Amino acid sequence: MKGIIFDLDGVLCSTDEYHYLAWKRLADGLGIRFDRAINNRLRGVSRMESLEIILENYHGKPLTDVEKAELAEQKNTVYRESLAKMSPADLGVEIRATLDELRRRGYRLAIGSSSKNTPFILERLGLADFFDAVSDGNNITRSKPDPEVFLKAAEFLGLPPGECMVVEDAVSGAQAGHAGGFTVACVGDASRAGVGDYNLTALPELLKIL
Ligand code: B16
Ligand code: MG
């Protein structure tokens, strides 16, 4: 391995919980059943695809595309209010130490996230200038499980997929990594599902397998 491509939400930071709370508020307002099991299906998929999954339990009058876009915007406004309160202290000490040690060992480090809020999150965490490459929801046309976001990250690093490891918390993200020809290490939900080449209990375990 020469490069490590990190998913963001649920891998480097706990913004996945903020996504859940923001979607939960929207769903409750619309009287839609939404729980953490459904929330796990939203991991790694785009904002509009997430909304469509939530609307599977909506039985009111059909919504227009404009109304759906407004709902997604409402959720994003609530979500960004949570992001705005984050600071570098929200980057776990062990996460930061793991990143620093991987850098010290000479790996090229990148982000591969479906989120359009990636630049804002990295700025809030004090990581705006840390990574060698950032591929996110702003430079892709297809979200995970399509491998596009990771293939772009590898391209930005100047490395072939076979020399990069993808680190993911989402089943859709692990599928994307495999589809792109990457080695995949999982944490969180994807690790519990056992879909990685390596299924870790916590991110610092990367230091044992690399
Ligand atoms: P946004 P990741 C993904 O980020 C999240 O897992 C997913 O829940 C979210 O819908 C998606 O980003 C889009 O996020 O609304 O901020 O553009 O896990 O790929 O880092
Ligand atoms: Mg994630």
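Because the model is predicted, local features need pLDDT of at least 70 and side-chain atom pairs count only at pLDDT 80 or more, while totals for chains, interfaces and linings use all residues. Residues are numbered from 1 along each chain as its sequence is written, chains are lettered from A and ligands numbered from 1 in the order in which they are written, and side-chain values use heavy atoms, with hydrogens and water left out.

**Asp 169.** I looked up where Asp 169 sits: the loop between β4 (164-168) and α8 (171-179). Helices (H or I, at least four residues) and strands (E, at least two) are DSSP runs, numbered from the N terminus. Is Asp 169 buried or exposed? It counts as buried, at 3% relative accessibility; buried means under 20% relative accessible area, exposed over 50%, partly exposed in between (1.4 Å probe, protein chains only). Leaving aside neighbours within four places in sequence, Asp 169 touches Asp 7, Asp 9, Gly 10, Val 11, Asp 16, Arg 43, Val 187, Asp 189 and Ala 190. With Arg 43 there is a side-chain to side-chain polar contact at 2.8 Å. For that term, I need a pair of N or O atoms within 3.5 Å; within protein, one must be able to donate a hydrogen and the other to accept it, and residues adjacent in sequence count only if both atoms are side-chain atoms. I also checked Arg 142, 27 residues away along the chain: its C-alpha is 18 Å from that of Asp 169.

**Ser 113.** This one is in the loop between β2 (108-112) and α6 (118-124). Ser 113 is buried, with a relative accessible area of 1%. Its side chain makes a polar contact with the side chain of Thr 118 (3.3 Å). Beyond four places in sequence, the contacts of Ser 113 include Asp 7, Leu 8, Asp 9, Ser 135, Asp 136 and Lys 144.

**α1 with α4.** I then turned to helix packing. The axes of α1 (residues 15-30) and α4 (residues 65-84) come within 9 Å and cross at roughly 140 degrees. Axes here are lines fitted to C-alpha atoms, for helices over the stretch in contact, and angles run from 0 to 180 degrees between N-to-C directions. The pair is therefore oblique: angles under 35 degrees count as roughly parallel, over 145 as roughly antiparallel, 65 to 115 as roughly perpendicular and the rest as oblique. On the α1 side I find Tyr 18, Trp 23 and Leu 26 among the contact residues, and on the α4 side Leu 71, Val 78 and Tyr 79 among them.

**α1 with α3.** Helix α3 (residues 47-54) packs on α1 at about 45 degrees, with the axes 12 Å apart. That makes α1 and α3 oblique to each other. Trp 23, Leu 26 and Ala 27 in α1 meet Arg 47, Ser 50, Leu 51 and Ile 54 in α3.

**α7 and α8.** In α7 (148-157), I list Glu 148, Val 149, Phe 150, Ala 153, Ala 154 and Leu 157 as buried. They pack against β1 (3-6), β2, β3 (133-135), β4 and α8. Gly 158 follows α7 with a positive phi near 75 degrees. In α8 the buried residues include Ser 172, Gly 173 and Ala 176, and their cover includes α7, β4 and β5 (183-186). Gly 181 comes after α8, its phi positive and near 85 degrees.

Note on methods:
Contact means heavy atoms within 4.5 Å.
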